[in-house]
Amino acid sequence: MRKGRTFLTNGALLAIAFVIFIVYISSNYTWSIGLIVVAVLIAVMSLFQFWLYFHFFKKKP
């Protein structure tokens, strides 16, 4: 695995976890403010991982 590729992998895994989490709480109608905060945190962590990869490791020579 190339250097920095783990950030892209982590971002993808967090994005998948976000989608599964949203589908799960939507199907059970268990929305609450705490779950919304958790969903936002997962989304922010995923975006941060993608930002790290594309900002620092995906530079063109």
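**View 1. The whole chain of a predicted model.** The chain has 2 helices and 0 strands (DSSP runs, helices being H or I of at least four residues and strands E of at least two, numbered from the N terminus). Of its 61 residues, 16% are buried (under 20% relative accessible area, with a 1.4 Å probe and protein chains only). The accessible surface comes to about 4,700 Å², by the Shrake-Rupley method with a 1.4 Å probe. Carbon and sulfur atoms hold 75% of that surface.

**View 2. Helix H1 packed with helix H2.** H1 covers residues 5-27 and H2 covers residues 33-57. Their axes (lines fitted to C-alpha atoms over the stretch in contact, with angles from 0 to 180 degrees between N-to-C directions) lie 8 Å apart at an angle of about 160 degrees. H1 is therefore roughly antiparallel to H2 (an angle over 145 degrees). The residues of this contact divide into 20 nonpolar, 4 polar and 1 charged (Ala, Val, Leu, Ile, Met, Phe, Trp, Tyr, Cys and Pro count as nonpolar, Asp, Glu, Lys and Arg as charged, the others, Gly among them, as polar).

**View 3. Glutamine 49 in helix H2.** Glutamine 49 counts as buried because its relative accessibility is 15%.

**Notes.** Residues are numbered from 1 along each chain as its sequence is written, and side-chain values use heavy atoms, leaving out hydrogens and water. In this predicted model, local features need pLDDT of at least 70 and side-chain atom pairs count only at pLDDT 80 or more, while totals for chains, interfaces and linings use all residues.

Conventions: Buried < 20%, exposed > 50% of the residue type's maximum accessible area, 1.4 Å probe, protein only. Parallel < 35°, antiparallel > 145°, perpendicular 65-115°, else oblique.
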